[in-house]
There are 2 protein chains.
Amino acid sequence: MSALGLDVGGTKIAAGLVGLDGSAAEVTTTPTAGSGQAVVDQITGIIDEYRTAHPVTSVGLVVPGGVDPRTGVVAAASNLGWRDLDLLGALRPRLPPSVALHVDNDASAAAWAEHRFGGHGQGDSLVLVTVGTGIGGGVVVDGRVVRGVSGAGGEVGHLPLHPGGRACECGSSGCWEQYASGRALHRAAQVAGWYTETAGRDVLRAASAGDVVAAAAVAEVATHLVHGIVVLTAVLDSALVLLGGGLGSDPLFQPFVHAAASAATVTPPRRRIPIRPASLGVLAGVIGAADLSRTTTRR
Amino acid sequence: MSALGLDVGGTKIAAGLVGLDGSAAEVTTTPTAGSGQAVVDQITGIIDEYRTAHPVTSVGLVVPGGVDPRTGVVAAASNLGWRDLDLLGALRPRLPPSVALHVDNDASAAAWAEHRFGGHGQGDSLVLVTVGTGIGGGVVVDGRVVRGVSGAGGEVGHLPLHPGGRACECGSSGCWEQYASGRALHRAAQVAGWYTETAGRDVLRAASAGDVVAAAAVAEVATHLVHGIVVLTAVLDSALVLLGGGLGSDPLFQPFVHAAASAATVTPPRRRIPIRPASLGVLAGVIGAADLSRTTTRR
């Protein structure tokens with residue numbers, strides 16, 4: 001009765017067997033084999049390896065991009081070179097009918113995992129915002145993942161917080177992730193005079209050590225991040241907003257986020273915004289993928 | 001087996017008996033008797049009148065403000081002079097235990113009514129934005145009203161779209177309703193040179209008749225309205241956004257909204273924003289209140 005989870009990213013594929021308590025075992029990480037069909041073949045190979053060694057009864061697979069778990073179609077996953085790919089249809093014939101198969105968005109699955117196994121103890125609604133190079137997100141309301149009509153529910157990176165502002169790869173302008181992400185921090189640091197090559201972590205480290213230029217750049221990004229979080233909280237009135245992702249979960253970033261959040265409240269009612277670090281780390285996608293596959297209605 | 005709905009506003013109280021098909025009968029409208037306890041007494045009187053004449057089995061009551069239907073406490077309804085009022089506790093002793101009682105936010109109830117009886121035929125998720133003097137809202141996801149942790153889910157009037165912008169009565173700044181409401185239209189018209197006393201409808205009429213100054217003011221408000229709608233759609237990926245309220249449902253306003261919306265898309269995925277007029281009109285609150293009272297778990 002093992003559930004297998006795969007988190008398929010642009011650079012690597014993480015996989016693992018996930019227990020009913022959310023624990024992950026036999027975790028492996030494999031560099032992603034290029035893009036397009038090659039990745040589909042690679043995924044099939046990884047699933048076969050696990051199935052050879054373990055009694056896998058369901059498989060959950062998550063990708064960074066728009067995917068509707070009800071249809072199994074990936075509308076777009078640019079890091080994988082997929083567009084309008086029927087991922088469920090491609091994988092289904094490679095597995096026995098008895099093995100349930102679920103495909104989903106990575107951040108939605110991670111939000112589900114945090115809800116189920118994160119130990120946050122805050123009822124049945126939360127928002128997960130994953131801040132890495134860009135912003136991803138997942139929303140759980142009343143114990144269910146918010147999917148939306150096209151599977152894009154909770155995909156908050158492109159919230160148009162500043163219409164007419166910075167151009168975004170998505171074709172719009174002023175999207176949240178252009179102001180509050182690893183890329184945005186890099187940009188803010190550059191504008192402040194740091195060398196182009198400087199990684200976000202160096203800026204964070206300098207900011208934490210008291211460099212006022214770096215601190216201003218980090219504070220600017222944190223302020224934009226909190227702005228979007230306030231918007232999300234105003235819509236959903238969530239008990240909890242979790243920050244994940246490389247930048248979002250960086251301990252050096254947290255003080256800046258909390259400083260920005262301390263100045264912000266949500267109305268109505270006026271209350272503090274409950275921002276906390278996500279607790280499951282990099283395996284949240286694998287755990288959520290596997291757990292969702294146990295109960296998927298789509299075979 | 002009659003369900004009674006009451007929509008308690010700052011100027012009037014609408015009431016009616018609502019059938020299982022969402023039809024309203026025996027509708028009455030009463031001017032609101034001041035504020036505070038006087039309104040509670042008035043509500044009790046109205047309920048008693050209906051109960052005397054009809055076999056009322058449940059009562060639903062909605063108010064413009066923050067109210068958590070799980071506790072029955074109104075956090076704030078400024079038009080009624082209520083703050084931290086245990087409305088359920090105040091009304092419960094005045095009714096026999098056999099009569100179910102439900103209290104709710106007016107826009108959440110209206111969203112529920114539109115979902116149940118609006119005939120929109122677009123699945124089980126929608127957002128209702130009521131644009132009158134200010135902005136109210138209600139969200140239905142997967143066939144359930146989004147309540148949030150404090151009952152403020154879907155209360156979108158104070159989305160902070162322009163932090164640091166126009167001061168809002170709520171104490172924050174840059175709230176959506178400061179830019180996209182009847183009051184905002186009034187303000188935009190004034191800024192454009194119209195007399196202070198001019199009502200919003202006159203501005204709409206002039207704009208529709210080709211007055212370029214009026215048209216610019218209306219277009220500005222419509223653009224801000226669509227901005228917020230795009231934000232909501234980006235979070236929830238709703239199938240449908242309904243516009244209600246005095247300004248929101250004004251036929252003269254619709255062309256401006258659709259012109260603003262035609263320039264906007266939501267990513268991901270890039271799709272048109274499905275904005276439509278709400279269909280139940282001013283009785284949506286009464287209908288939703290009564291219908292929710294049939295299934296309330298709080299007695």
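## Exercises on a predicted two-chain model

The same surface serves both copies, as 100% of the contact residues of chain A recur in chain B. The model is predicted. The exercises below start from this axis.

### Exercise 1. The interface

Task: How many residues does each chain give to the contact, and what is the area buried between chain A and chain B?

Solution. 
- Step 1. Count residues. Chain A gives 39 residues and chain B gives 39 residues.
- Step 2. Read the area. About 3,100 Å² is buried between the two chains.
- Step 3. Carbon and sulfur atoms give 61% of the buried area.

Task: Which interactions cross between chain A and chain B, and which elements give two or more residues to the side of chain A that touches chain B?

Solution. 
- Step 1. Look for salt bridges. The count between chain A and chain B is zero.
- Step 2. Look for polar contacts. Between the chains, 14 residue pairs are in polar contact, both residues at pLDDT 80 or more.
- Step 3. Assign the elements. On the side of chain A that touches chain B, β11 (144–145) and α6 (212–236) of chain A each give two or more residues.
- Step 4. α6(A) gives the most, with seven residues.
- Step 5. Sort that side of chain A by class. There are 20 nonpolar, twelve polar and seven charged residues.

### Exercise 2. A serine in helix α8

Task: Is A:S293 buried or exposed? What does the side chain of A:S293 contact?

Solution. 
- Step 1. A:S293 lies in helix α8 of chain A, residues 284–294.
- Step 2. Apply the cut-off. Buried means under 20% relative accessible area. A:S293 has 1%, so A:S293 is buried.
- Step 3. Find the polar partner. The side chain of A:S293 makes a polar contact with the side chain of A:S58, at 2.7 Å.
- Step 4. List the neighbours. Leaving out residues up to four places away in sequence, A:S293 touches A:A3, A:L4, A:S58, A:V59, A:G60, A:A100 and A:H102.

### Exercise 3. A positive phi in both chains

Solution. 
- Step 1. Read chain A. A:E26 has a positive phi of about 50 degrees, although A:E26 is not a glycine.
- Step 2. Check accessibility. At a relative accessible area of 48%, A:E26 is partly exposed.
- Step 3. Read chain B. Phi of B:E26 is positive and near 50 degrees.
- Step 4. B:E26 is partly exposed, at 49% relative accessibility.

### Exercise 4. Salt bridges within the chains

Task: How many salt bridges does the structure hold over all chains? Which residue forms a salt bridge with A:R166?

Solution. 
- Step 1. Take the total. The structure holds 18 salt bridges over all chains.
- Step 2. Find the partner. A:R166 pairs with A:E220, the closest N and O atoms being 3.7 Å apart.
- Step 3. Locate both ends. A:R166 is in the loop between β11 and α4 (182–191) of chain A, and A:E220 is in helix α6 of chain A. The two are 54 residues apart, so the pair links distant parts of the chain.
- Step 4. Check A:E220. With a relative accessible area of 34%, A:E220 is partly exposed.
- Step 5. Turn to chain B. B:E220 forms a salt bridge with B:R166, at 3.7 Å between the closest N and O atoms.

Task: Where do B:R94 and B:D41 lie, and how many residues apart are they?

Solution. 
- Step 1. State the pair. The side chains of B:R94 and B:D41 meet in a salt bridge of 3.2 Å, N to O.
- Step 2. Locate both ends. B:R94 is in the loop between α2 (87–91) and β8 (100–105) of chain B, and B:D41 is in helix α1, residues 37–53. They are 53 residues apart.
- Step 3. Check accessibility. B:R94 is partly exposed at 38%, and B:D41 is partly exposed at 37%.

Task: Which residues are linked with A:D291 in a network of salt bridges?

Solution. A:R116 and A:R294 are linked with A:D291 in the network.

Definitions and conventions. Residues are numbered from 1 along each chain as its sequence is written. Chains are lettered from A and ligands numbered from 1 in the order in which they are written. This is a predicted model: local features need pLDDT of at least 70, side-chain atom pairs count only at pLDDT 80 or more; totals for chains, interfaces and linings use all residues. Side-chain values use heavy atoms; hydrogens and water are left out. Contact means heavy atoms within 4.5 Å. Buried area is the accessible area (1.4 Å probe) that two parts lose on being put together, summed over both. A salt bridge is a side-chain nitrogen of Lys or Arg within 4 Å of a carboxyl oxygen of Asp or Glu. A polar contact is a pair of N or O atoms within 3.5 Å; within protein, one must be able to donate a hydrogen and the other to accept it, and residues adjacent in sequence count only if both atoms are side-chain atoms. Helices (H or I, at least four residues) and strands (E, at least two) are DSSP runs, numbered from the N terminus. Ala, Val, Leu, Ile, Met, Phe, Trp, Tyr, Cys and Pro count as nonpolar, Asp, Glu, Lys and Arg as charged, and the others, Gly among them, as polar. Buried means under 20% relative accessible area, exposed over 50%, partly exposed in between (1.4 Å probe, protein chains only).
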